[in-house]
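Hello,

Here is the structure I promised to pass on to you.

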Amino acid sequence: MTDDIKNGAETADIEFRGVSRHFGDVIAVNNVDISIPRGGFVSFLGPSGCGKTTFLRMIAGFEQPDSGDVLLRGESVVGVPAFKRPVNMVFQHYALFPHLNVADNIGYGIKQVNRKISKKELATRVGETLEMVRLPGFQERNIWEMSGGQQQRVALARALINRPNVLLLDEPLAALDRKLRRDMQIELQNLQREVGITFVLVTHDQEEALSMSDTVCLMKEGRIVQTGSPQDLYKEPLSPYVADFVGKSNFFKGISEGAGAVKLTCGRIVEGRAPLTVELPPKSSAAVVCVRPEMIHIAAEGNKGASEHAMYFTGNIVNRIFLGENTEYVVRIDELGDVLVMSSRLSEASTGTFEPNQSVTIGWDKDATLIFADT
Amino acid sequence: MDTSVKTKAERRRKWTTAMLLAPATLWYAVLLLLPLVTIVIFSFGERGPAGGYIPAFTFDNYLNLPTRSKAFFNTMTLAPLGTLACLLIAYPLAYYLAIVANKKYKTLLLVLVIVPFWTSLLVRTYAWIFILGGQGLPKLLAFIGFEGVRMINTPGAVLIGIIYIYLPLMVFPIYVSLEKLDTRLLEASSDLGASPLRTFFQVTLPLSIPGLATGSMMVFILLMGEFIIPQMLGGGKVYFIGNALVDVFLQSRNWPFGAAFAVSLVLIMLVTITVYMRYMSKLAGGRDDVSVM
């Protein structure tokens, strides 16, 4: 089965057919089928060691698959070395050439492809590319004189100057501080729209993947476990693994009652729904119920609001984490254990804030409850 | 802040710095600068009737240097040639050790490069006399039909000895600079469309220039003063400035003439090294973060 990101796409930019790659006994990429259409921003998201970097390196040509076929624009590139592939990469720590200045780093790619290029044309192309990454006039700078963010832009310019079919980004923002990372996320998105080529990003940072890409592929142990838009991945996770990796989730175990209900271990019955394309676990089988912390309403005990929801419980606050725009509470509920609840500042305006040891009621709706088979 | 405490601390720091630098300064002043000045003064003097030095001021010693031009010629051809030969042989070896070799055997292979140092230089050079002498390689060559090949006491023999003795000194600095090389830079070069050969000339080689320059300098400087290898493998026919110095100072006891020799050797080295280092740091991209030595 091919995991088509968009149906009806013309020739895919990148296609993997049953690709596997082993390192000794470790399976880095396990029988992956995927087709990435032209012009999108695709992220491969997963914990370290899930095979996402190997996946990227196989597109770049630094690794060859043990089995299966890798196609770029419909042509198999198995055995084709990296320097003959029409893809370019932004490396994790940029890998800029320390012995060359900015202009020579950026012009490096052109000089390999077109050895007879005139100095004037080369300078024009380098200048244009520097403008594109918003570093005009930096030609003569040395690499070690630049900040991390500037080096990042040089790396981008260097990878884009040959106008590749695909730009590969290996954890490109990992070395930047939080503020700069935010800015670069927006810039990368704009840049992708501007140049119109396929961007393939590899990251372990879910925020990065969700904020930048049109499509996210979540990986686990060498396999792609879910492909979809960031909204899909967040709202309709196909498994507890996805719900856990993307965003935060509360999980409660129980036995399926069938028909969208689960009897929790404490005896209470919760109603919910299965994610869009997944079937509800059959009656009497083990089930997991997932509720996102921001979908849980919290109110002081006795106060209405929380208890108006389909499901509600009463417990004590054991921990409060102030995050700025939100506050996270850990609420100890006798029937459920510790439950993570997120309260926005807007809702705090009506409920007020809560102190540790305070008795509270938490509640959520049927729509906010996802039911999975417990495997 | 109390200023007296500050100045006290400052004074103590200066004192510590002075104490730390004292041994090296003393060493350079007494054992390098002082003898050097003495040699320069001697080089303008005259030989005494029974040898030694008589104070005078004459340029005769320098004007007489051309009578020994052979020594200058041998040193200034064989020293650069030996350095170049060491470089050409050491680079692939260092490259193999640093980049290609399996990590498991790396240490063992590195030890093998040092092992010759465990034996005396004299013994090793002596061994070459037998290998290159009449009963050695020439005899073997005669056996397979190449009669009358003379090896010992030729410039070739001296060159072989030089390469054999100095190779490790070249291998190690190059090895270190290649070992430090970030392999992602090689991948980046390949990713941008450079073939492995172009990657080597555009990335690997420029980034290993510090090691290459250090190795070349060490070998070249030592070779300029070399006298044992030409003595033993050149048999007095291929003699270096070093041999001439021994000869003039100890045999003829003409100290002023020897001093002129020594001064000119220092000047030649000063000029060649300066030019060479300028050129090398230019090749390394003019980076001031990389010291060439």
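**Cysteines and the A–B interface**

Cys86(B) is buried, with a relative accessible area of 0%. Please keep in mind that this is a predicted model.

Another cysteine that I looked at, Cys290(A), is buried too, at a relative accessible area of 2%. How many disulfides are there over all chains? The count comes to zero. For Cys290(A), the nearest cysteine sulfur belongs to Cys266(A) and lies 17 Å away, so with a cut-off of 2.5 Å Cys290(A) is in no disulfide.

Now to the place where the two chains meet. Chain A brings 24 residues to the contact and chain B brings 23. Between them they bury an area of about 2100 Å², and carbon and sulfur atoms account for 58% of that.

Which side chains form the salt bridge between the chains? They are those of Arg57(A) and Glu187(B), with a distance of 2.7 Å from N to O. It is the one salt bridge found across the interface of chain B and chain A. There are also ten residue pairs in polar contact across this interface, with both residues at pLDDT 80 or more.

On the side of chain B that touches chain A, the elements giving two or more residues are helix H8 (183-191) and helix H9 (196-207) of chain B. The residues on that side of chain B split into nine nonpolar, seven polar and seven charged.

Happy to go through any of this with you.

Best wishes

How values were computed: Residues numbered from 1 in each chain as written. Chains lettered and ligands numbered in written order. Predicted model: local features only at pLDDT ≥ 70, side-chain atom pairs only at ≥ 80, totals over all residues. Heavy atoms only, no water. Contact = heavy atoms within 4.5 Å. Buried area = accessible area lost by both parts, 1.4 Å probe. Salt bridge = Lys/Arg side-chain N within 4 Å of Asp/Glu carboxyl O. Polar contact = N/O pair within 3.5 Å; in protein donor to acceptor, adjacent residues only side chain to side chain. Helix = DSSP H or I, 4+ residues; strand = E, 2+ residues; numbered from the N terminus. Nonpolar A, V, L, I, M, F, W, Y, C, P; charged D, E, K, R; others polar. Buried < 20%, exposed > 50% of the residue type's maximum accessible area, 1.4 Å probe, protein only.
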